[in-house]
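Subject: Structure handover

Hello,

Here is the structure we talked about. Please open it first, then read the notes below.

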Amino acid sequence: MSRPEGRLPSDHRVRRFSVALAGGTLLTSALGLYLDSLWLLGAGAWLLIAAVLLELVHRP
């Protein structure tokens with residue numbers, strides 16, 4: 001039994017979570033730039049770091 005693209009459902013969940021983190025990065029950073037809020041920019045940076053680390057650690 002072959003899986004589509006050779007990925008398991010858990011791989012798709014991790015990928016969706018990583019994309020959600022990246023989307024949150026865009027929203028938080030854009031809002032931080034618009035409101036000139038450094039803590040929102042920092043939160044966006046941490047979301048980006050988490051998304052990148054998740055992709056690096058969980059390679060299907």
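A residue counts as buried when its relative accessible area is under 20%, and as exposed when that value is over 50%. Between the two, a residue is partly exposed. Please keep in mind that this is a predicted model.

Overall picture

The protein has two helices and zero strands. Of its 60 residues, 20% are buried. The protein exposes about 4800 Å², and carbon and sulfur atoms supply 69% of that area. Now take the contacts between residues at least 6 apart in sequence: 50% of them join residues at least 24 apart.

Helix α2

Helix α2 covers residues 38-57.

Which residues of α2 are buried? They are L40, G44 and A51. Seen down the axis of α2, these buried residues fall within an arc of 45°, so they line one face of the helix. Helix α1, residues 9-35, is included in what covers them. On the other side of α2, the exposed residues are L38, W39, W46, L56 and V57.

The salt bridge

The count of salt bridges comes to one. R15 pairs with E55, and their closest N and O atoms are 3.4 Å apart. R15 lies in α1 and E55 in α2, so the pair ties together parts that are 40 residues apart in sequence. In general, side chains of opposite charge can pair when their charged atoms come close.

How accessible are the two partners? R15 has a relative accessible area of 43%, so R15 is partly exposed. E55 is at 22%, so E55 also counts as partly exposed; the cut-off for buried is under 20%.

The nonpolar patch

A nonpolar surface patch of about 740 Å² is also present. Its residues are W46, L48, I49, V52, L53, L56 and V57. Among them, W46, L56 and V57 are listed above as exposed residues of α2. V52 is found in α2. At 41% relative accessibility, V52 counts as partly exposed.

For a look at the model, I would start with the buried face of α2, where L40, G44 and A51 sit. Then turn to the other side of α2, where W46, L56 and V57 are among the exposed residues. Finish with the R15 and E55 pair.

Best wishes

Conventions:
Residues are numbered from 1 along each chain as its sequence is written. This is a predicted model: local features need pLDDT of at least 70, side-chain atom pairs count only at pLDDT 80 or more; totals for chains, interfaces and linings use all residues. Side-chain values use heavy atoms; hydrogens and water are left out. Helices (H or I, at least four residues) and strands (E, at least two) are DSSP runs, numbered from the N terminus. The expected span of a helix is 1.5 Å times one less than its number of residues. Buried means under 20% relative accessible area, exposed over 50%, partly exposed in between (1.4 Å probe, protein chains only). The arc is that of the directions from the helix axis to the C-beta atoms. Contact means heavy atoms within 4.5 Å. Accessible areas come from the Shrake-Rupley method with a 1.4 Å probe; for residues, only the protein chains shown count as cover. A salt bridge is a side-chain nitrogen of Lys or Arg within 4 Å of a carboxyl oxygen of Asp or Glu. Patches are made of residues with over 30% relative accessible area and no salt bridge: like charges are joined within 9 Å, nonpolar side chains (Val, Leu, Ile, Met, Phe, Trp, Tyr) within 5 Å.
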